[in-house]
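Dear colleague,

I am passing on the structure below, and my notes follow it. Please read them with the model open beside you.

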Amino acid sequence: MLFGFEWDLSSPLAFALSILPILLIGMWVTIQAAVLGFAVALVLGLVWAVLKAARSRFIAWPASVVTEFIRDTPLLVQLFFLYYVLPEYGIVLPAFMTGALALGIQYSAYTSEVYRAGLEAVAKDQHEAARALNLSAARTFTHIVVPQAVPRIVPAMGNYLVSIMKDVPVLSVVTVLEMLNVAKIVGDRTFDYLVPLSMVGGLYLIMTLVASAGVRLLDGWLPKQGIPLK
Amino acid sequence: MQWTDYISPLMQGAWVTVQLTVFSTILGAVLAFVFGIGKLSSNWAFRAISVAYIEVFRGTSLLVQLFWLYFALPLAGTAMGIDLRLPPVLAGVLALGLNIGAYGAEVVRGAIAAVHQDQHEAARALNFSARQTLWGIVIPQAIPEMMPSFGNLAVQNLKDTALVSLISLGDLTFRAEQIRNFTQDSTTIYSMLLVMYFGMALVLTAIMRGLERYATRWRTARS
């Protein structure tokens with residue numbers, strides 16, 4: 001029994017049906033962790049992108065080194081680092097929060113590149129035209145750059161959300177009860193790993209297919225030339 | 001224990017990580033070509049298998065695949081009456097290779113599809129067979145397009161090898177965990193671990209850059 005649901009071991013199909021609610025509870029945790037991690041990645045990635053674009057080399061260079069370091073080290077090790085090292089300095093977070101933070105930090109290195117590419121894709125003559133029209137720097141950014149950059153950034157970000165979802169099972173090592181961990185516990189107790197783990201695979205496939213379809217829909221819906229101004 | 005005492009066990013683990021990375025990247029590269037070309041094949045069965053492979057391994061989590069191969073596959077084998085118990089090394093290399101191969105297959109497909117249509121027409125005009133066109137004309141032009149993505153995937157694969165520590169394979173992360181359980185010196189060990197992975201990733205990036213230059217040498221030689 002897990003989360004109040006009994007399993008029925010009479011046949012593989014009955015077993016699969018009886019553990020489905022348990023796995024769906026795990027899936028909900030997976031989705032929450034992915035969304036929270038994604039939110040951290042979006043914010044932190046923007047911070048990195050701004051720092052890397054700084055005019056001063058003393059800001060831009062360290063920011064590039066840090067993001068490169070984050071990008072080149074495994075999520076699992078970063079997670080262990082946060083989970084075991086932060087408490088030594090008095091920062092005690094619940095496992096779920098630590099996990100979401102680790103996901104967010106790892107993916108911030110990727111999202112910062114998306115921001116950079118999206119902002120740089122706005123052609124140089126647009127900036128010159130804005131200057132010719134005597135628009136201030138702030139107005140150029142909010143009314144010229146952002147409306148054109150957003151349609152380029154959003155689909156790439158959506159793909160990273162799907163990737164984050166697939167990395168959530170790593171959080172199981174710090175006792176987060178996401179879908180894979182729940183399936184593993186069911187397996188440990190029933191000695192049948194085949195059904196729960198196969199179901200997790202199937203549910204993952206459904207999740208990523210739905211999420212990818214959503215991203216494609218969003219991509220099609222966004223105006224390619226930029227969001228028209230009112 | 002001093003931090004210098006950690007170096008030798010960590011190096012043993014690092015060697016396992018290097019081997020895992022090399023073998024699974026090679027397996028992944030082979031799978032990437034087989035299924036990347038397969039997805040563009042005119043044979044519908046081959047195409048269907050390739051699409052299924054790519055979707056399944058890109059659509060699910062690597063850790064799920066690894067656990068499935070290690071924990072669930074033996075039970076499936078028992079049900080069918082065959083022994084499918086894999087040693088951790090084999091399960092690890094297979095899971096990593098299959099996973100990265102699926103991502104690589106999309107890269108291969110994209111690069112092949114990006115070769116200009118005129119090249120196909122010219123090859124046909126010169127009476128090349130389909131096989132000659134693919135291997136003699138299309139692939140040599142597609143490989144330079146693939147190399148930057150392959151470089152990223154190789155680093156991705158190196159990072160993913162850390163997950164095999166969860167099926168009790170003695171890689172770098174596993175060794176570090178053992179030392180940490182023994183000494184409780186988390187800050188030092190995990191800092192060393194991060195730096196070692198970073199160092200390996202830098203070396204791997206340099207190697208992939210070298211390969212990229214080697215694969216594109218015909219371009220620079222002509223001009």
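Helices (H or I, at least four residues) and strands (E, at least two) are taken here as DSSP runs, numbered from the N terminus. This is a predicted model, in which local features need pLDDT of at least 70 and side-chain atom pairs count only at pLDDT 80 or more, while totals for chains, interfaces and linings use all residues. Residues are numbered from 1 along each chain as its sequence is written, and chains are lettered from A and ligands numbered from 1 in the order in which they are written.

Over residues 27–212 of chain A, the chain is 81% helix and 0% strand, with the end C-alpha atoms 17 Å apart.

Chain B has nine helices and zero strands, and its C-alpha atoms fill a box of roughly 70 × 55 × 20 Å along the principal axes. Of its 223 residues, 39% are buried, meaning that 20 or more other C-beta atoms, placed from the backbone, lie within 10 Å of a residue's own.

In helix 8 of chain A (residues 194–221), the buried residues include A:Leu197, A:Val200 and A:Leu203. The buried residues of this helix pack against helix 1, helix 6 (137–167) and helix 7 (179–190) of chain A, together with helix 2 (44–59) and helix 3 (62–80) of chain B. Leaving aside neighbours within four places in sequence, A:Leu23 is in contact with A:Met179, A:Val182, A:Ala183, A:Met199, A:Val200 and A:Leu203, contact being C-beta atoms, placed from the backbone, within 7 Å.

Conventions. Contact = placed C-beta atoms within 7 Å. Expected span 1.5 Å × (residues − 1). Buried ≥ 20, exposed ≤ 12 C-beta atoms within 10 Å, placed from the backbone.
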